[in-house]
Number of protein chains: 2
Amino acid sequence: MWQLYQFPLCPFSRKVRLLMGEKSVGYELVRESPWEQRDEFLDMNPAGRTPVLRHSQRDVSLADSNAICEYIEETVEKSPMINGTATNRAEIRRLTAWFDEQFYGDVTAPLLFERMHKRLIHRAPPDAKLLREAMRRANVHLDYIDYLIDHRSWLAGATMSLADLSAAAQISVADYLGGIDWAGHEQTRAWYSMFKSRPSFRPLLSERMEVIAPPAHYEKVDF
Amino acid sequence: MWQLYQFPLCPFSRKVRLLMGEKSVGYELVRESPWEQRDEFLDMNPAGRTPVLRHSQRDVSLADSNAICEYIEETVEKSPMINGTATNRAEIRRLTAWFDEQFYGDVTAPLLFERMHKRLIHRAPPDAKLLREAMRRANVHLDYIDYLIDHRSWLAGATMSLADLSAAAQISVADYLGGIDWAGHEQTRAWYSMFKSRPSFRPLLSERMEVIAPPAHYEKVDF
């Protein structure tokens, strides 16, 4: 059985979980708080980041969410998520990186720092100005998603792909932390609502991070 | 003909150039200074980053260095650089991400900001304390490379891979900017010296970024 080292609000672990869910790959969760820098965890991933995916019977240990997703895509045929022509695949990977890097850096990372790390580690209140700036940037990103969905069925093309999973993973964490204002983003809202009802997404939405409660609309498919 | 939008000290463009060089794919360079945020460039890559790879006759435009490298790997058979079993390929991708993210964030990015952006854009001197910190971190990264080469022929396994190209690209920019102290890193030095003599690497080493001169040892194979 695969073991996924993660914590409930890690957007990169959520991306991997959505992919494994879509492909019906079973796994068990192992709770890891990477900020504690456990020696055994650093041995598995010197970068000190979640997720790490292990299979002790097969002696396989994988780190880096992108390397993990490519591995799952290569080894599990069901529901291909990096598919199409080489150009299609490049567009999927470009947008996956966009959400993993730009959306994360602009929105998810500051929200996690202000609302989670400060509370759990520093016992300090969030900086309201930085929260507003993250929400403003989230709005710009949602405009871009609206634009993509105006032109395509799914974010990277005609079929659901890893780009959609990466975007949904980041947005779900930002939404949990109260960082998304859905007003004026009907395309993205419809796309995300459909996502929320998928069996791969339901288990993620029902989990909670201790001490931090999501807004009332967070788990609802109709929001 | 492929056109690569880049500037001489962009480590991600260097990674793509090393890959195209190893695979003998021809291209011409187009100079792009991403900090100028040209509208036409942002149209090609909303992330506003180099490299972008275009082929106007084929109507292909690719952004994100990782998406570009995977595209080249998929479409050009010669000299596979993401090869081996699925586990080998995951290790290549993990280490490629390590150099693209950790080494870049710890070493290359602060060096580029202090020594290039400050000079070109802000007309300000570098912060000596931040430069020392970047060099200290470079030393830790070189220890990790020494460790990898003690255990393997190449960084990610038995053959040269994208992980080696990514590492060499980051190190070459850090070295240009005077951020690498080679003392005590004989394994990494030997590996990098071999790299410097490769035909894929020679054209990169002979280029210069205006205003900024590299140290005397930068271009030498024997340093």
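When I say one copy is laid on another here, I mean a least-squares superposition on the C-alpha atoms of residues with pLDDT of at least 70 in both copies. Keep that in mind, and remember that what we have is a predicted model.

So, the two copies. Chain A can be laid on chain B by a turn of 180° and a shift of 0.0 Å along the axis, and the RMSD is 0.0 Å. The two copies are thus related as by a two-fold rotation axis. And how do they meet? Of the interface residues of chain A, 100% are also interface residues in chain B, so the copies meet through the same surface.

Okay, let's walk along chain A. UniProt, in an unreviewed entry, lists "domain: GST N-terminal" for residues 1–80 of chain A. In the model that span is 36% helix and 22% strand, and its end C-alpha atoms lie 21 Å apart. Over residues 85–215 the chain is 70% helix and 0% strand, with 40 Å between the end C-alpha atoms.

Now some details in the 1–80 part. Most residues other than glycine have a negative phi, and most peptide bonds are trans. Where do we find a cis peptide bond in chain A? One joins A:T50 and A:P51, with omega about 0°. A:P51 sits in the loop between α2 and β3 of chain A. Chain B has a cis peptide bond too, joining B:T50 and B:P51, and there omega is also about 0°. B:P51 is in the loop between α2 and β3 of chain B.

Then there's phi. A:D59 is not a glycine, yet its phi is positive, near 55°. You'll find A:D59 in the loop between β3 and β4 of chain A. Buried or exposed, this A:D59? Its relative accessibility is 70%, so it counts as exposed, the cut-off being over 50%.

Over in chain B, B:R123 does something along those lines: it isn't a glycine, but has a positive phi of about 50°. B:R123 is in the loop between α4 and α5 of chain B. At 71% relative accessibility, B:R123 counts as exposed.

For contrast, look at helix α3 of chain B, residues 65–75. Here 9 of the 11 residues are buried, so α3(B) is largely enclosed by the rest of the structure. Among those buried residues are B:A67, B:I68, B:C69, B:Y71 and B:I72.

A:S161 is in the loop between α5 and α6 of chain A. This serine is buried, with a relative accessible area of 1%. What does A:S161 touch, leaving aside its neighbours within four places in sequence? It is in contact with A:M81, A:I92 and A:A156.

Next, the helix α6(A) itself. Helix α4 of chain A, residues 86–122, packs with α6(A) at an angle of about 5°, and their axes are 8 Å apart. Angles under 35 degrees count as roughly parallel, so α4(A) and α6(A) are roughly parallel to each other. Residues of α4(A) including A:F99, A:F103, A:Y104 and A:V107 take part in the meeting, and from α6(A) the residues include A:L162, A:S166, A:Q170 and A:I171.

Now switch to chain B and its α6, residues 162–176. With 15 residues at 1.5 Å a residue, the helix should span 21 Å, and its end C-alpha atoms are 21 Å apart, which agrees. How many residues of α6(B) are buried? That would be 15 of its 15 residues, so to speak a mostly covered helix. After α6(B) comes B:G178, whose phi is positive, near 75°.

What about the neighbour α7(B), residues 186–196? α6(B) and α7(B) pack at an angle of about 95°, with their axes 11 Å apart. The two helices are therefore roughly perpendicular to each other. From α6(B), residues including B:L165, B:A168 and B:D175 meet B:W191, B:Y192, B:F195 and B:K196 in α7(B).

B:K220 lies in the segment after α8 of chain B. The C-alpha atoms of B:K220 and B:K196 are separated by 7.8 Å, though the two are 24 residues apart along the chain. B:K220 is partly exposed, with a relative accessible area of 46%.

Notes
Residues numbered from 1 in each chain as written. Chains lettered and ligands numbered in written order. Predicted model: local features only at pLDDT ≥ 70, side-chain atom pairs only at ≥ 80, totals over all residues. Heavy atoms only, no water. Contact = heavy atoms within 4.5 Å. Helix = DSSP H or I, 4+ residues; strand = E, 2+ residues; numbered from the N terminus. Buried < 20%, exposed > 50% of the residue type's maximum accessible area, 1.4 Å probe, protein only. Expected span 1.5 Å × (residues − 1). Axes fitted to C-alpha atoms, helices over the stretch in contact; angles between N-to-C directions. Parallel < 35°, antiparallel > 145°, perpendicular 65-115°, else oblique. UniProt positions renumbered as here; feature names shortened; annotations may be inferred.
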